[in-house]
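Student: I have a structure open and would like to go through parts of it. Can we take it step by step?

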There are 2 protein chains.
Amino acid sequence: MLTLILSDYLLQHFDKQSKVPCNRQLYQLLRHAILEHVLPVDAKLPSSRDLATELQISRNTVLYAYEQLLAEGYVAGRSGSGTFVTDTVPDAVALKSKLVTAVPKDEPIAPMLSQRGQQLVKYAGAAPQQWGAFVPGVPDVTQFPHRTWSRLQNKVWQNPLPTTLTYAHGGGHLPLRVALAEHLKMARSVDCVPEQVVITTGIHQSIDLCMRLLGDPGDLAWVEDPCYWGARNLLRASGLNIRPVRVDAEGLCPDAEDFKAVPRFIFVSPSHQYPLGMVMSLARRRLLLEYAKQHGCWIIEDDYDSEFRYVGRPLASLQGLDHANRVLYMGTFSKTLFPGLRLGYLVLPLALVKPFVVGMEELHRAGNVPVQATLAEFMAQGFFTSHIRHMRTLYAARLSLLQEAIAQRFDPKVVKPTGSDAGLHLALKLPAHCDDVAIVRAAAQAGVAVRPLSSYYHDASQAERGLVLGYACVQEPHIAPAFDVLAGVIERYL
Amino acid sequence: MLTLILSDYLLQHFDKQSKVPCNRQLYQLLRHAILEHVLPVDAKLPSSRDLATELQISRNTVLYAYEQLLAEGYVAGRSGSGTFVTDTVPDAVALKSKLVTAVPKDEPIAPMLSQRGQQLVKYAGAAPQQWGAFVPGVPDVTQFPHRTWSRLQNKVWQNPLPTTLTYAHGGGHLPLRVALAEHLKMARSVDCVPEQVVITTGIHQSIDLCMRLLGDPGDLAWVEDPCYWGARNLLRASGLNIRPVRVDAEGLCPDAEDFKAVPRFIFVSPSHQYPLGMVMSLARRRLLLEYAKQHGCWIIEDDYDSEFRYVGRPLASLQGLDHANRVLYMGTFSKTLFPGLRLGYLVLPLALVKPFVVGMEELHRAGNVPVQATLAEFMAQGFFTSHIRHMRTLYAARLSLLQEAIAQRFDPKVVKPTGSDAGLHLALKLPAHCDDVAIVRAAAQAGVAVRPLSSYYHDASQAERGLVLGYACVQEPHIAPAFDVLAGVIERYL
């Protein structure tokens, strides 16, 4: 009787024309039969000879499948009497519940996630669209000298040493750290030696490392309000307590209430406040440095796009003013080269380098040397500097076109562009009654991507209204037409 | 008087032969003079004309430097009367403390780190040496077909689309997910569609994502004892409570004491227990699956090296037996290709994919498409499968050589090799009185790298003694001689 059921089952499902080899197929079918109780516990398998004849396959094929089942414990041999299905099901209850098959697929997700997981998802800010008018923060990657890159990359791959391909030291590829230290000293007045540079996969990993190595759950962090949504979400995900601190024309502006509790971290973007674009004044910088020194706070300086400065020369970094080792400086190649590269860097006080390198190795393990080596060569041969120079001119021209388009359509007292001295974006402030979220939604339907300024604030209901526009990845002829479309939408809400 | 000091200072430091442009140099010197109080608050700067004459440079150069100082707020113009150093120092106390320059560099590091940071560093396990006899877990990267890789990579870089270079979707490059799903179904009996595959940078990132999205601080995790040191440290770094659960010949073996508290995570390596190498029995697998289903635990299956199986065929994954969506399956290309690639993968229940993708984007942002696209092509064209086949033969031969060398020197009742059916390493168990840490230290001095078995245990003082030896990255002629050196060391401790 049993043999009949099994034969039916096998003849029905066994397919000699299939791409799956016969022995593999047979093994899978038998395994399935055991798991689904077509073959119950203690059932005897047919002899390999009989089964081979029945399925018209070689006996070796059957033996192979049986051996695999034996090796995995689905069946066991009893000496002299054949091969039997083993009893591997924990108990009767389990057996019963086993027969109630798959869990419903529409189970709600949120209760499955941890509390911090739910928060992480709830405050998510990354947008699906990463190209076109006017996605903020994306450089024009079509201008990237990919032929040069490819040529340098080929050199790295010509005869790679084992050290290029195995796990690496967590600080990053040394020639890249040397090239970066040189660049940061010259271009950003960062006060550093190569040993202080730690290569990461970008600003997010840099922040994460700082939070894990220097912060504990419940620690207080000041963040600019508004600020980069990603930083805020990362701090939250690390268990930090966030205190939003307002910014004025001079940058971060803590008031008496803020000063009541000393933060462990002060998170700022002094060279080009994100997203409003002002520069932190020298007075404010020195105030922050002094406060951090006296109270042992860590200042995290996010210097994400100040290589592109169109008015005056690049402003010196906050780190370069720090004599008390309180600044953790971070930057990225996402704006200067391309975001998909996933390379950024931290410049740390020397005493912190070793624990950060260890932390990197433990949390992520290190590697990716071929990409880092290609970039090091790209910098050493001067391509990085010349690419920045080229892009600065290009972006300046695009910025002008956008500014012109704005000026032609709007009274600057009503729709006020701000923060356009540097970077890849500007903010367009709108009157308080404008629903910037609704504008963004309507603009998206009209084919233009922008971000609502209010979404960068800690509390959107208390936020300034406006739009954040990226112009860097928009080719010149598209700027005015795309802005016209956006302007049409804005006007409906003014 | 003041002008005299300033002149002295400038004439002493200004260097027209320097590579730094004159205007930049002058700006830096003046800034330094202000910060170091060579130029005190309210000091008047010399007129640009006078300074230009004195330094024998053009007046424009001086104006440029002055403008920069003005822009950064170091000086301010008073109409009609000249340019003065501004008072940007917070207060008198600060001024005083400012003069006490840099913080001592030998400040102890540990108290600067957070509690979790200190823990992360304290339990660090990553070794600096990643190549040679007998580093565990490292494949022979010299065998990697780098010319093929380079050729495929060039195709990706020939005309990259913006989507290849900008931020990407957090799930990974779709063709890679498709190729992986296919491979995992065939080779590992993983039950999945491409949508369930999420590309990560390796096992560490995969674990981190699971802990953050599904775990909260204080949640309980069962881990095998012994286990992979990296997993244990990551769980700890995420605030999980670790319960080490002993393993026997059938794999994870929870006892009555363990069952008293339901864990949120059960972390196992069922196909090749790390580091001891046994295979989890079917009975134990079903017990775990049933338990996880009834209690809502997540089973994390670390399937790190079972593509390389030398005895019988590859064993089916635990995930393939799961009908209740409780298994999170993870694997890596670090063993099959090369560790520096930094690519791994998670196979998740469908309902978890979206939050994991969002979590990935928020925590790390996504990108790295050029590398993922190269790998997708490498797999689609069959190079991945053939590389595994080639390496399996090679590693099997190296394993035999090592086993022979061991058999020639030691009585298997005293020095007992174990776990050599699969993977890139084996464990050599030693009598309980042997100090395996001392052996490892002595072996390192003799030029052979191994890891002490006791270091994989939660409590080294209760641990089995032994050595973990990687043979995959050791070329054939070196195996016996290197083992002879190691054997000489071992004998001194027997």
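Student: How many residue pairs are in polar contact across the interface of chain A and chain B?
Tutor: This is a predicted model, and side-chain atom pairs count only at pLDDT 80 or more. Across the interface of chain A and chain B, with both residues at pLDDT 80 or more, the number of residue pairs in polar contact is 44.

Student: Which helix gives the most to the side of chain A that touches chain B?
Tutor: The helix asked for contributes nine residues to that side. It covers residues 350-364 of chain A and is helix 13.

Student: How many nonpolar, polar and charged residues does the side of chain A that touches chain B have?
Tutor: On the chain A side, 114 residues are in contact with 113 residues of chain B. By class, that side of chain A has 20 charged, 36 polar and 58 nonpolar residues.

Student: What area do chain A and chain B bury between them?
Tutor: Carbon and sulfur atoms account for 55% of the buried area. The area that chain A and chain B bury between them is about 10700 Å².

Student: Which residue of chain B meets A:Arg212 in a salt bridge?
Tutor: The count of salt bridges between chain A and chain B is two. In one of them, the side chain of A:Arg212 has an N to O distance of 2.6 Å to its partner, B:Asp208.

Student: Are the two faces of strand 14 of chain B covered or uncovered?
Tutor: In a regular strand, side chains alternate between the two faces of the sheet. In strand 14 of chain B, one side holds B:Arg465, B:Leu467 and B:Leu469, and the other holds B:Gly466, B:Val468 and B:Gly470. Each of these residues is buried, and both faces are covered.

Student: Which residue of strand 14 of chain B stands opposite B:Ala427?
Tutor: Strand 14 of chain B pairs with strand 12 (residues 425-430) in the antiparallel sense, over six bridges. Strand 14 also pairs with strand 13 (residues 451-452) of chain B in the antiparallel sense, over two bridges. B:Arg451 stands opposite B:Val468. The residue opposite B:Ala427 is also B:Val468.

Student: Why does B:Leu394 count as buried?
Tutor: B:Leu394 lies in helix 15 (residues 383-409) of chain B. Buried means under 20% relative accessible area. B:Leu394 counts as buried because its relative accessibility is 15%.

Student: How far apart in space are B:Leu394 and B:Glu476, C-alpha to C-alpha?
Tutor: Leaving aside neighbours within four places in sequence, B:Leu394 is in contact with B:Asp140, B:Gln143 and B:Glu476. B:Leu394 and B:Glu476 are 82 residues apart in sequence. In space, C-alpha to C-alpha, they are apart by 9.2 Å.

Definitions and conventions: Residues are numbered from 1 along each chain as its sequence is written. Chains are lettered from A and ligands numbered from 1 in the order in which they are written. This is a predicted model: local features need pLDDT of at least 70, side-chain atom pairs count only at pLDDT 80 or more; totals for chains, interfaces and linings use all residues. Side-chain values use heavy atoms; hydrogens and water are left out. Buried means under 20% relative accessible area, exposed over 50%, partly exposed in between (1.4 Å probe, protein chains only). Helices (H or I, at least four residues) and strands (E, at least two) are DSSP runs, numbered from the N terminus. Two strands pair if DSSP finds at least two bridges between them. Contact means heavy atoms within 4.5 Å. Buried area is the accessible area (1.4 Å probe) that two parts lose on being put together, summed over both. A salt bridge is a side-chain nitrogen of Lys or Arg within 4 Å of a carboxyl oxygen of Asp or Glu. A polar contact is a pair of N or O atoms within 3.5 Å; within protein, one must be able to donate a hydrogen and the other to accept it, and residues adjacent in sequence count only if both atoms are side-chain atoms. Ala, Val, Leu, Ile, Met, Phe, Trp, Tyr, Cys and Pro count as nonpolar, Asp, Glu, Lys and Arg as charged, and the others, Gly among them, as polar.
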